[in-house]
Amino acid sequence: MKFVVLTIFPEMFDPFWDHGIIRRAIDQNKIFASTLNIRDFAEDKHQVTDDRPYGGGSGMVMKPEPLAGAIRAANRKFPSAKTILLTPQGRVFNQEVANELAAFEGLVLVCGRYEGVDERISHDLIDYEISIGDYVLTGGELAAMVVIDAVTRQIPGTLGGEDAAEKDSFSNGLLEHAHYTRPQVFEGNAVPEILLSGHHKEIENWRLESALLRTLLKRPDLLQDKRLNKKEIEILKKWSRNIQNIINFHHEGHKEPKGEK
Ligand code: 4FV
C-alpha cells in the first residue's frame, strides 16, 4: 500500500511515520509513505496556496492551481492510486470504509486547510471524499493520519499475527471483548476465573458474550446493522429469558426466579 499525503505541513507527519505499527510497516515495506508539499506547486514566488473567497465572507480558500499541480504530480507517480479529499462533506469513515480503502494499491490523501478547498478540485480531481466525523478540524492532516492508521492495520502482517485485524472491534460488527493481563489481582479486582482455565472453547464463549454484552450496553445501534449468527442470537435469547424471568418474579410475587448460566 502506497500513501502520498498532500499538505502544506508535511513536517506534521514525521513523528507519525516514526512510531509504532506505522514505523514497523514502513520498515517492513508493508507500506510506502510520503508527503508532497502543496506549496511546492504554487507558481508565484511567495508560493501562495490560499486566497479570499469569491462572494466575500470570512476566512480563506485553498487555491485550485497548487492543489491541481500536486494531485497531478502524485497521480503521475502512482497512476493506480485513488485520490481522497478529507472533508466534513465526505462519507463518514468507519471500519468498513477502512477495509475498502485497504484493497486499493495506493491512496493520495489531500489535506485541506483554511475554510476548505476550491470546489473545482473536488469536482475534477478527487475520487472519494472522506470525513472522519461530524465536527470541523483546522486541517485535514489529522484526518489523513486517522485513515492511514486504520487502513495500515488492515494490511496483512502489519499487526504481527496474520489474523489480528480479523479479531478487531467492528471486524465482526461487535465491540471487542474485555481484555485482561497480569497481575491476576489489581487493587482487589481479580481477572475472571474462566480466562485462567485454559479451556479455549469456554474462553471463546466468554469473549463472545463479553463482546455482545458490551455492544448491547454501549452501542446497541451496532446490533441493529449487524447480521447476528445463530450463536449470538442464542446468547441474546438466553439473556432475554433471564430478564423476563426476573420481571415475572417481581410482577407475580416472589417465586424463586429461574435463571440460566
Ligand atoms: C475534516 C473532517 C475537517 C474542514 C476545513 C479542514 C477541515 C479545513 N476532514 N474529516 N471532519 N476538515 O474538518 O475530514 O480545511
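Modeller: The shell around the ligand has nine nonpolar, seven polar and one charged residues by class. Here Ala, Val, Leu, Ile, Met, Phe, Trp, Tyr, Cys and Pro count as nonpolar, Asp, Glu, Lys and Arg as charged, and the others, Gly among them, as polar. This is a predicted model, in which local features need pLDDT of at least 70, side-chain atom pairs count only at pLDDT 80 or more, and totals for chains, interfaces and linings use all residues. Residues are numbered from 1 along each chain as its sequence is written, and side-chain values use heavy atoms, with hydrogens and water left out.

Biologist: Which residues come nearest to the ligand?
Modeller: Of the 17 residues around the ligand (a heavy atom within 4 Å), Tyr114, Ile132, Gly133, Tyr135 and Leu137 come nearest.

Biologist: What lies 2.7 Å from an oxygen atom of the ligand?
Modeller: A polar backbone atom of Leu137 does. The protein buries 95% of the 370 Å² that the ligand exposes when taken alone (Shrake-Rupley method, 1.4 Å probe).

Biologist: Turning to Thr158, is it buried or exposed?
Modeller: Thr158 is buried, with a relative accessible area of 1%; buried means under 20%, exposed over 50%, partly exposed in between (1.4 Å probe, protein chains only).

Biologist: And what does Thr158 touch?
Modeller: Not counting residues up to four places away in sequence, Thr158 touches Ile21, Arg24, Ala25, Lys30, Thr152 and Arg153, where contact means heavy atoms within 4.5 Å. A polar atom of the Thr158 side chain also lies 2.8 Å from the backbone oxygen of Ile155.

Terms used:
Polar contact = N/O pair within 3.5 Å; in protein donor to acceptor, adjacent residues only side chain to side chain.
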